[in-house]
Amino acid sequence: MSNLRAASDRYTATAITLHWLIAGLIVGGFAMGLYMTGLKLSPDKLKLYSWHKWSGMTVLALAALRIVWRWTHPAPPPLPGQPRWQLQAAHYAHLALYVLIVAIPLSGWLYSSASGYPVVYFGIKALQLPDLVAKNKELAKSLKEVHEILNWTMAALVTVHAGAAVKHHLIDRDGTLARMLPWARRPNTAKST
Amino acid sequence: MKLIHAALATALFSISGSLFAAERAIDPAKSTITAVFTQIGVPVEAPFTKFTGRVNHDPAKPADAKAVLDIDTASFDIGDDDYNAEVRKPEWFDTAKYPKATFTATGLTPAANGSFTAAGKLSLKGRTAELKVPVTVKADAAGSSYSGKLIISRKAFSIGDPAWEDTVEDTVTIQFRIFVPAAR
């Protein structure tokens, strides 16, 4: 099964779904994070914080699924004709993105715990997540900075990642982007099924 | 004669009473009073950092036990300046107008497992409610501790801004541990 997938030049439907779900959630979560922190205290501010945390915990869960999926279903090999530096840059950028989609929600969860606010998924009491650390103002301050730095690193990497995908599509005119797009048709379906 | 007898007996009784169960000040440094409120399903625990109190409790006569706690409402510390400013507003604690909440307990009734129920009155934001408070008493050479928790309705004390109606739940859990040092 996994051999067949590896031989394919497209990501699996599951990988594509996970990629775009996570992409949407991190862009939304990032925008919410930027906006909500500047608001004055109000019920709406707390609602945004809740949604931000719920989307973050969803990213964490999806990231775990995605890592397991990637482990068991190798990504299609890079398209031929690319310089070695580019392949390596892509490899390490992807690795860093994987690390960040786990580290960012985790740092947010830690920050929330240290601030004295448990994370309650979707506000459902039965889904209250355990506090990772005890309430601690100093620690909360440091974790806030860690969460921010990780996010800006992510924003920079996502910009490069998306820019590279567009460059492949528009300048190189190869199929790199298409194989991650949900609506692109698999060119050689006959071979893999 | 009889009247003098009675008066003497009463005087003696109150002297012996005060010998064994004088009114004693609590030790705030070793005591805690916290409130746990719930916003969007998230329990948030915050302490009152300033309060004083006196307890008069002879373990032999729980029915005669008395306690008074005066709690500084402005000392409620959620751990964030914006929150603390909000909760001091007139819609919430209105700390400018009602700087103190007072809890008085008169009489401990034995309950299950060696614990007690205190008949109490809580005065908060100009409103007074009768409460039955479960209390666990622990005494050793250093002193006595009285701990327990109870659930109250914040709206019963008209605490809360209607704008926050869907955000903050009505029920609030009060947790306390009051320590009274032993007489030396």
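A: Helix α3 (residues 43-72) of chain A packs against helix α4 (residues 84-114) of chain A at an angle of about 140°, and their axes are 9 Å apart. Axes are lines fitted to C-alpha atoms, for helices over the stretch in contact, and angles run from 0 to 180 degrees between N-to-C directions. Helices (H or I, at least four residues) and strands (E, at least two) are DSSP runs, numbered from the N terminus.

This is a predicted model: local features need pLDDT of at least 70, side-chain atom pairs count only at pLDDT 80 or more, and totals for chains, interfaces and linings use all residues. Residues are numbered from 1 along each chain as its sequence is written, while chains are lettered from A and ligands numbered from 1 in the order in which they are written.

The crossing of α3(A) past α4(A) is left-handed (the near helix is turned anticlockwise from the far one by less than a right angle). On α3(A), the residues that meet α4(A) include A:K53, A:M57, A:L60 and A:I67. On α4(A), their partners include A:Y98, A:I101, A:L106 and A:S112. Contact requires C-beta atoms, placed from the backbone, within 7 Å. By class, this contact has 10 nonpolar, three polar and one charged residues. Ala, Val, Leu, Ile, Met, Phe, Trp, Tyr, Cys and Pro count as nonpolar, Asp, Glu, Lys and Arg as charged, and the others, Gly among them, as polar.

Chain A also touches chain B. That contact takes 13 residues from chain A and 15 residues from chain B. On the chain B side, β3(B) gives the most, with four residues.

Technical notes. Contact = placed C-beta atoms within 7 Å.
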